[in-house]
Amino acid sequence: SPGFNADFYNYKDELRNLIPNDAFCIVGRDISGVILLYYIDKKGWTFDDVEILKANLKHWTDLGARYIYFDNQCDTIQVVQKQLKEKIFDKRSVKVYKLKE
């Protein structure tokens, strides 16, 4: 048990190669605030609660986030849906979307 959603570990190579290395992303749910960014080898912001995501999504996008990785049903939340452009990964419990700029 890695202490976080094991699908991020199991698919780490695919998740690392999905987006450019210099692209900023949002990743969640990450209680530690750093472990998921470490496993996917990316820079950006993390959230551990959907309310944090809802409150900060626009701000993070304005700061340069272009992708979002998550392990829950964030794509069903209306505020989040409005920022999603294209799904680029969907395996087991992990989804990745390109965000609208």
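## Aromatic pairs

In this predicted model, tyrosine 38 has a relative accessibility of 59% and therefore counts as exposed, whereas tyrosine 39, at 18%, counts as buried. With seven aromatic pairs counted in the model, tyrosine 38 and tyrosine 39 make up one that is edge-to-face, with 5.4 Å from centre to centre and 85° between the planes. Both tyrosines belong to one aromatic cluster, which is formed by Phe4, Tyr9, Tyr38 and Tyr39.

Another of the aromatic pairs joins phenylalanine 70 and tyrosine 97, and this one is stacked, with 5.9 Å centre to centre and 10° between the planes. Because phenylalanine 70 lies in strand S3 and tyrosine 97 in strand S5, the pair ties together parts that are 27 residues apart in sequence. Phenylalanine 70 counts as buried at 0% relative accessibility, and tyrosine 97 counts as buried at 10%.

## The sheet and its helix

Five strands form an open sheet with mixed pairing, and their order is S2-S1-S3-S5-S4. Strand S2 (43-47) and strand S4 (84-91) stand at the edges with a single partner strand each, so one side of each is left without a neighbour in the sheet. On average, and with direction ignored, neighbouring strands of this sheet are turned by 20° against each other.

Strand S1, residues 24-28, pairs with strand S3, residues 65-70, in the parallel sense over five bridges, and valine 27 stands opposite tyrosine 69 in S3. Helix H4, which spans residues 50-62, packs on the sheet and touches S1, S2, S3 and strand S5 (94-99), while its direction makes about 160° with that of S2.

## Nonpolar cores

The largest nonpolar core has 17 residues, and those with the most contacts inside it are Phe8, Leu15, Cys25, Val27, Ile40 and Tyr69. At least two residues of this core are supplied by each of S1, helix H3 (35-40), S3 and S5, and the largest share, four residues, comes from H3. Apart from this core lies another, of 14 residues, which includes Leu57, Ile68, Leu84 and Leu99.

For leucine 15, once residues up to four places away in sequence are set aside, the residues touched are Asp7, Phe8, Ile40, Lys42, Tyr69, Phe89, Val94 and Val96. Nonpolar side chains tend to be buried together in soluble globular proteins.

## A buried glutamine

Glutamine 83 is placed in the loop between helix H5 (78-81) and S4. With a relative accessible area of 17%, glutamine 83 is buried, since the cut-off for that class is under 20%. Leaving aside neighbours within four places in sequence, glutamine 83 is in contact with Leu57, Lys58, Thr61, Lys98, Leu99 and Lys100.

## Cysteines

The count of disulfides comes to zero. For cysteine 25, the closest cysteine sulfur is that of cysteine 74, and because the two sulfur atoms are 14 Å apart, they are too far from each other for a bond; the cut-off for a disulfide is within 2.5 Å. Cysteine 25 is buried, with a relative accessible area of 0%, and cysteine 74 likewise counts as buried at 0% relative accessibility. Cysteine 25 is also among the residues with the most contacts inside the largest nonpolar core.

Methods: Residues numbered from 1 in each chain as written. Predicted model: local features only at pLDDT ≥ 70, side-chain atom pairs only at ≥ 80, totals over all residues. Heavy atoms only, no water. Pairing = 2+ DSSP bridges. Axes fitted to C-alpha atoms, helices over the stretch in contact; angles between N-to-C directions. Contact = heavy atoms within 4.5 Å. Phe/Tyr/Trp six-rings, centres within 6.5 Å; stacked < 30°, edge-to-face > 60°. Buried < 20%, exposed > 50% of the residue type's maximum accessible area, 1.4 Å probe, protein only. Core = buried A, V, L, I, M, F, W, Y, C linked by side-chain atoms within 4.5 Å.
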